[in-house]
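Have the viewer open as you read.

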Amino acid sequence: VGVYSPPSNYNPMLAQYGMPQQNAGKQFKAFQQKLGDNYRTVAVDLQSGVIAPEVDILLVLAPKDFSEKQVFTIDQYLMRGATVIMATSPVAVSKSREDFSASDYTSGLKDWLMHNGIDISAKLVFDKRNNAFPVVSKQMVQGVAVRLAKLQPYPLFADLRDSGLSQDNMITSNLRQLTFAWGSPITMDTKINKGRKVVELLNSSNDSTFKNMSK
């Protein structure tokens, strides 16, 4: 498995004070360690223009500001009949000490994805069928400020069950429930994808809406 993840300029001092780092790069160390338990993984440098023939599957994690050469490298790898798994979204969610915030996240792959009949909207899914999230508030108790956590409905944590999980695919058929956090809606172009087999694994409920949250 070839793995691409963005380079990181993560600053632990800024993180200590709860300051968001938009250019820090996404961290996938735990995920890659788990993946390495069952597969042999290699880091992939998409700027080289070549992906080694030994790579059977290419996993692209949180691509950011891809150059034309990086996009071309992925396209050529896909064209030779290989498999690409891509984790990407046009919206980035950052956590501070007090709250979450959303901002634009440019992968550089939007035009290429559209060419392949895939449109990921720069919005987030709000679902009335959701899981709760602990919200911390400050209250005065006998003159002392106390931080209290209370579970409240959180529409950005979609609670997927039953028809929200495909029962026709082994990936999701044995799952009873899945929490999908900060999802973005995906639209498939039926004309471009004519002749391709498109499998929908996850669906939000009929009571879900899409909202633009980026700044």
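Start with Glu54, which forms a salt bridge with Arg40, the closest N and O atoms being 3.2 Å apart. A salt bridge here is a side-chain nitrogen of Lys or Arg within 4 Å of a carboxyl oxygen of Asp or Glu. Glu54 lies in the loop between strand 2 (42-43) and strand 3, and Arg40 in the loop between helix 2 (29-35) and strand 2, so the pair ties together parts that are 14 residues apart in sequence. Helices (H or I, at least four residues) and strands (E, at least two) are DSSP runs, numbered from the N terminus. Arg40 is exposed, with a relative accessible area of 58%, while Glu54 counts as partly exposed at 46%. For those labels, buried is under 20% relative accessible area, exposed is over 50%, and partly exposed is in between (1.4 Å probe, protein chains only).

A word on what you're looking at: this is a predicted model, where local features need pLDDT of at least 70 and side-chain atom pairs count only at pLDDT 80 or more, while totals for chains, interfaces and linings use all residues. Residues are numbered from 1 along each chain as its sequence is written, and side-chain values use heavy atoms, with hydrogens and water left out.

By the salt-bridge rule, the count comes to 5. Among them is the one between Lys64 and Asp65, at 4.0 Å from N to O. Lys64 is partly exposed, with a relative accessible area of 24%. Asp65 sits in the loop between strand 3 and helix 3, and it has a positive phi of about 50 degrees although it is not a glycine. Most residues other than glycine have a negative phi.

Asp162 is another residue other than glycine with a positive phi, near 50 degrees. Look for Asp162 in the loop between strand 10 (144-160) and strand 11 (178-181); with a relative accessible area of 54%, this residue is exposed. Now find Asp159, which forms a salt bridge with Arg161, with 2.9 Å between the closest N and O atoms. Asp159 counts as buried at 9% relative accessibility, whereas Arg161 is partly exposed at 33%.

In what order do the strands of the 4-stranded open sheet run? The order is 2-1-3-4, with parallel pairing. Strand 2 and strand 4 are the edges, each pairing on one side only. Two strands pair if DSSP finds at least two bridges between them. Strand 1 (residues 2-4) and strand 3 pair in the parallel sense over 3 bridges, and Tyr4 stands opposite Val60 in strand 3. On to the pairing of strand 3 with strand 4 (residues 83-87), which is also parallel and covers 5 bridges. There, Ile57 has Thr83 as its bridge partner in strand 4, and Leu59 stands opposite Ile85. Strand 3 is mostly covered, with 4 of its 5 residues buried.

That brings us to the packing. The largest nonpolar core has 16 residues, and Leu46, Ile51, Leu58, Phe66, Ile74 and Leu109 touch the most other members. Such a core is a set of buried Ala, Val, Leu, Ile, Met, Phe, Trp, Tyr and Cys residues joined through side-chain atoms within 4.5 Å. Strand 3 (57-61), helix 3 (68-79) and helix 4 (110-115) each supply at least two residues of this core, and helix 3 gives the largest share, 3 residues. Zoom in on Leu46: leaving aside neighbours within four places in sequence, Leu46 is in contact with Tyr4, Ile51, Leu58, Phe66, Lys69, Gln70, Thr73 and Ile74. Contact means heavy atoms within 4.5 Å. There is also a second, separate core of 8 residues, which includes Ala102, Phe126, Leu156 and Phe157.

Finally, zoom out. The protein chain has 4 helices and 13 strands, and buried residues make up 30% of its 215 residues. Of the contacts with a separation of 6 or more, 65% are between residues 24 or more positions apart.
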